[in-house]
Amino acid sequence: MSERHEGPGALDPATETFVAHRNLLFTVAYEMLGSATDAEDVLQETWLRWSGVELDTVLDRRAFLVRITTRQALKRLRTLGRRKESYVGPWLPEPLLTAPDVAEDVELAANVSMAMLLVLETLAPTERAVFVLREVFAVDYDEIAQAVDKTPAAVRQIAHRARAHVAARKPRGTGSPAEHRAALQAFQAAVETGDLQGLLDILAPDVVALSDGGGIKHALPRPVVGADEVARLLAVGWWKRGAERTVEPVQVNGGPGLLIRIGGEIDGVLAVRVENGYVTGAYHVRNPEKLSSVTREITVSR
């Protein structure tokens, strides 16, 4: 049985350790799953297993918790893959409202971005786990091997393959937080006023727009590519449905974004990818089942 600290309100060692690493564990699970809801479920499962561990036998509690979280996330990731096969329309990750300081950690912001999560979706489950643990959280190969039930040599090969796969597809440099804010301000102004020329001025020539309604809300049936097409789409009111609309600038997944309300109710989140001062990606999530995490800021960490 685990020892307990004395005093009112004191946490026992197992709880104290879990709480200390909770943000890290959430980020690991979210990076693997692209879903805050599923990441929270994984954390619940991780806690249930962690609470039954004899702490005296654990040499590195952080590593042990990451290992449990990875295994639970892998199980859920394989289930999610089957769910996505029957998903209606394009699938986008579940957006997070993140604190402003996340944008200052450029590497973390890039890794939790919608664009990167979409790249990670193209990896097999074990490849994704290995890539996330090694490239995002710098976990050593021996520890990853225990988490994914592979040999260290096999993990090195998987990591090399996953790294090459992601490098060929990952977003280019994204610029500074100040550039993001300036681009978002110009983008928001053009969207709100339906300023076609303003949109053409801020959109990159190869901009891509995607939306996810999950078969519940109206959304684009397929990606829209190119400044002319995307600008016209936004200028006529992509999300305008004849009700009072408000658009609020927020930070989504470590980058710029807009929180859209219609009639005072959250209708969607638009994450914006900015590269070299231009908008290169617009990811519009309207599926209400994916909007439960945008009512508050969520802390992600490494």
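Ala-138 is exposed, with a relative accessible area of 60% (exposed means over 50%, buried under 20%, partly exposed in between, using a 1.4 Å probe and protein chains only). Ala-138 sits in the loop between helix 7 and helix 8 (141-148); helices are DSSP runs of H or I with at least four residues, strands are E runs of at least two, and both are numbered from the N terminus. Its phi is near 55°, a positive value in a residue other than glycine. Most residues other than glycine have a negative phi.

Asp-149 is another one to look at: its phi is positive, about 60°, although it is not a glycine. You'll find Asp-149 in the loop between helix 8 and helix 9 (152-167), and it is exposed, with a relative accessible area of 61%.

## What you're looking at

This is a predicted model, so local features need pLDDT of at least 70 and side-chain atom pairs count only at pLDDT 80 or more, while totals for chains, interfaces and linings use all residues. Residues are numbered from 1 along each chain as its sequence is written, and side-chain values use heavy atoms, with hydrogens and water left out.

## Thr-126 in helix 7

Thr-126 belongs to helix 7 (residues 125-136) and is buried, with a relative accessible area of 17%. What does it touch, not counting residues up to four places away in sequence? Leu-74, Arg-78, Val-148, Lys-150 and Ile-158, where contact means heavy atoms within 4.5 Å.

With Arg-78 there is also a side-chain polar contact of 3.4 Å. That term covers a pair of N or O atoms within 3.5 Å; within protein, one must be able to donate a hydrogen and the other to accept it, and residues adjacent in sequence count only if both atoms are side-chain atoms.

## Helix 1 against helix 3

Helix 1 (residues 13-33) and helix 3 (residues 61-85) have axes that come within 9 Å and cross at roughly 35°. Axes here are lines fitted to C-alpha atoms, for helices over the stretch in contact, with angles from 0 to 180 degrees between N-to-C directions. The crossing is right-handed, meaning the near helix is turned clockwise from the far one by less than a right angle.

## The strands

Strand 5 (residues 255-262) is mostly covered, with 7 of its 8 residues buried. On one side of the pairing list is strand 4 (residues 245-252), antiparallel to strand 5 over 8 bridges; two strands pair if DSSP finds at least two bridges between them. Pro-249 has Leu-258 in strand 5 as its bridge partner. The hairpin of strands 4 and 5 has 2 residues between the strands, and Asn-253 takes a positive phi near 50° there.

Strand 5 also pairs antiparallel with strand 6 (residues 265-275), over 6 bridges, and Ile-260 stands opposite Gly-268 in strand 6. This hairpin too has 2 residues between its strands, and Gly-263 in the turn has a positive phi of about 60°.

Strand 2 (residues 203-212) has 7 of its 10 residues buried. Strand 2 runs parallel to strand 7 (residues 278-285) over 6 bridges, with Leu-203 opposite Val-279. Strand 2 is also joined to strand 3 (residues 224-225), antiparallel, by 2 bridges, and Ala-209 has Val-224 as its bridge partner there.
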